[in-house]
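Please look over the sequence and the structure before reading the points below.

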Amino acid sequence: MDTGLIYSALVFLVAAVAVVPLCKWLGLGEVLGYLLAGVVIGPTTLGLVSEPEQVLRFSQIGIIFLLFVIGLELKPSRLKLMRRAVFVFGSLQLATASLAIALVAWLLGLPPAAALIVGFSLGLSSTPLVLQLLVERKELQSRHGRYAFSILLFQDLAAIPVLALIPFLGVGTSLEDDPMGLYDDIALGIGAFLVLILGGRYLMRPLFRLAANAHSREVFMGAALMVVLGAALLMEEAGLSMALGAFIAGVLLADSEYRPAIEADIQPFKGMLLGLFFMAVGMTTQIGLLLDSPVMILSLVLGLMTLKFVAMLLASRLYGLPWLKSTRLGLLMAHGGEFGFVLLSSALAAELLDASLVNTLILVVSLSMALTPLLNALVLSSSLFRLRPPARDFDQPTDDTPEVLIIGFSRFGQVVGRVLQNLKIPYTVLDSNPEQVDFVRRYGNQVYFGDATRLDLLEAAGAGRARLLVLAVSDVEMSVRVAKLVKQHFPQVKILARARDRYHAQILMRLGIPVVIRELLLSSLEMSRQVLSELGVSEHQAQHTIETFRRHDEHMLTRQMEISQDEQQLIQSVQEANRELQEIFEEDEQSLTPGTLKVSPRSS
């Protein structure tokens, strides 16, 4: 039995377990830990693992899984809303950074074509590195986090045509020599996109439905892996990016009912392979070049990161972002990326760049990636970076006789407040968003800035004397914490709670909350009633249909509480509920006058 693979796996695990926790304890993050672990076990240091290039190629599957999971979180409607940030801000950042680096490379003596390739290659940033840093600091959904993702997405898209053009720019080749070759490549890429989109639209959901009906988690996981790797391989065969194929597949499944189960199955593979990828980057870093010319290499790294930071700052300000967001983006993007390795290697093969320059630039990119987590950790923890205004003190509510206490005063809570205000029923509001509080106060509403998870603020707001507490916050964790606190300390108060979805509603129901309103249920039911009415169904029957659906759905919500954590049982329960509801509607139709539920023909 060949024990080489087991030995290599053991070395990777030991290095990760030894170094990564230490870096996290020091506040440097996981990414820097994986990079340092790779340097330690790589051929230039201890030499415990041979052929790191092969490990790097294999570990890029982690990037594929990462982009697939990101795609799962991006519904097409949301992607459409991001188009300005992706194409306008993304192109502005990439053009600013690439042209600045290309100008410096040209001034240092590189030919124009080579300078442009170097500028573009170094202008890219690392998608997995930036996203991992954002996830660690829980900033992926922040404003600068969304902008960072938009820029990275544009960079991945822009790198594809550049990668296709590099061979035509090489020594002894030109577009005139083989013009049809470029057209064939473009046609092949467009064909691959169409095949992937059509396949995702018409084949992926039936595939996962078939896998779910097998009632085997292994089969379902296999289907998820097959889709990810199949989409990536399709794009690779078309000469495009495997990561882009996986991303598109994820977007196509973002609206699928199977998205949570798919994401849960892919996450472990993504985490392990991303860690392996960063370790492989550390292993391929040629420390020997750094030891031979430390001043030159470090100067290039410092120059690259400074230039990209300034370019990002300039692009952000031109796009209209404030200084704080611009500075944060500059710190995140001030490094090279893994796509730069691919572009530089392709330029070497096309004889646009010589081997010594490519090796030096790859080392510079690797070191900039290694320094970015450290730079972010040090700067963001420093008192010099405190650009934010000082924390605002919570208000001290003074209402001592409220009929109703409203927790959270966004769109949902404001409707309740307006009704009570017009009926002159006293109420008190607590909201933890200072901007929201200030905005609502401008319209004359009495709202207090406070954290409802604090017992003292609840008491000061009159929770002990209120008849009702309307729990209108959208954050699931905060909603549950407040509900538990009120149930424990103010049991006499009746709670009426807003729920974001069925899962949130079931949690609140388990806590004994008597009234739980799912935020979109009633409005969507009213829309359904209007749809039936417009289609010619009588007002009485439309209302009866909606009421039947609502009662059945509430009954199913209670029945599914016990199996909400079991994906397969939940899918089966939903299917059974749909069959039951169809039978109820069929019985209703038979008991009515024939044709009552039929849609009236469209008038000409």
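Among contacts in the protein between residues at least 6 apart in sequence, what percentage join residues at least 24 apart? The share is 73%. The model is a predicted one. The protein has 604 residues, of which 46% count as buried, and it contains 27 helices and 6 strands.

**The sheet**

- An open sheet is formed by 6 strands, and their order is E3-E2-E1-E4-E5-E6.
- The pairing in this sheet is parallel.
- The edge strands are E3 (447-449) and E6 (515-518), each of which pairs on one side only.
- On average, and with direction ignored, neighbouring strands of the sheet are turned by 20 degrees against each other.
- Strand E1 (residues 404-407) pairs with strand E4 (residues 468-471) in the parallel sense, over 4 bridges.
- Within this pair, Ile406 has Val470 in E4 as its bridge partner.

**A helix across the sheet strands**

- Helix H24 (residues 502-510) lies across strand E5 (494-499) and strand E6.
- The direction of H24 is at about 160 degrees to E5.

**The contact of H12 with H14**

- Helix H12 spans residues 217-237 and helix H14 spans residues 259-284; their axes come within 9 Å and cross at roughly 75 degrees.
- H12 is therefore roughly perpendicular to H14, since angles of 65 to 115 degrees count as such.
- On the H12 side, the contact is made by Arg217, Phe220, Met221, Ala224, Leu225 and Val228.
- On the H14 side, the residues that meet them are Ala261, Ile262, Asp265, Ile266 and Phe269.
- The residues of this contact comprise 9 nonpolar, no polar and 2 charged.

- Which residues of helix H11 (residues 204-213) are buried? They are Met204, Phe208, Ala211 and Ala212.
- His215 follows H11, and its phi is positive, near 55 degrees.

Methods: Residues are numbered from 1 along each chain as its sequence is written. This is a predicted model: local features need pLDDT of at least 70, side-chain atom pairs count only at pLDDT 80 or more; totals for chains, interfaces and linings use all residues. Side-chain values use heavy atoms; hydrogens and water are left out. Axes are lines fitted to C-alpha atoms, for helices over the stretch in contact, and angles run from 0 to 180 degrees between N-to-C directions. Helices (H or I, at least four residues) and strands (E, at least two) are DSSP runs, numbered from the N terminus. Angles under 35 degrees count as roughly parallel, over 145 as roughly antiparallel, 65 to 115 as roughly perpendicular and the rest as oblique. Contact means heavy atoms within 4.5 Å. Ala, Val, Leu, Ile, Met, Phe, Trp, Tyr, Cys and Pro count as nonpolar, Asp, Glu, Lys and Arg as charged, and the others, Gly among them, as polar. Two strands pair if DSSP finds at least two bridges between them. Buried means under 20% relative accessible area, exposed over 50%, partly exposed in between (1.4 Å probe, protein chains only).
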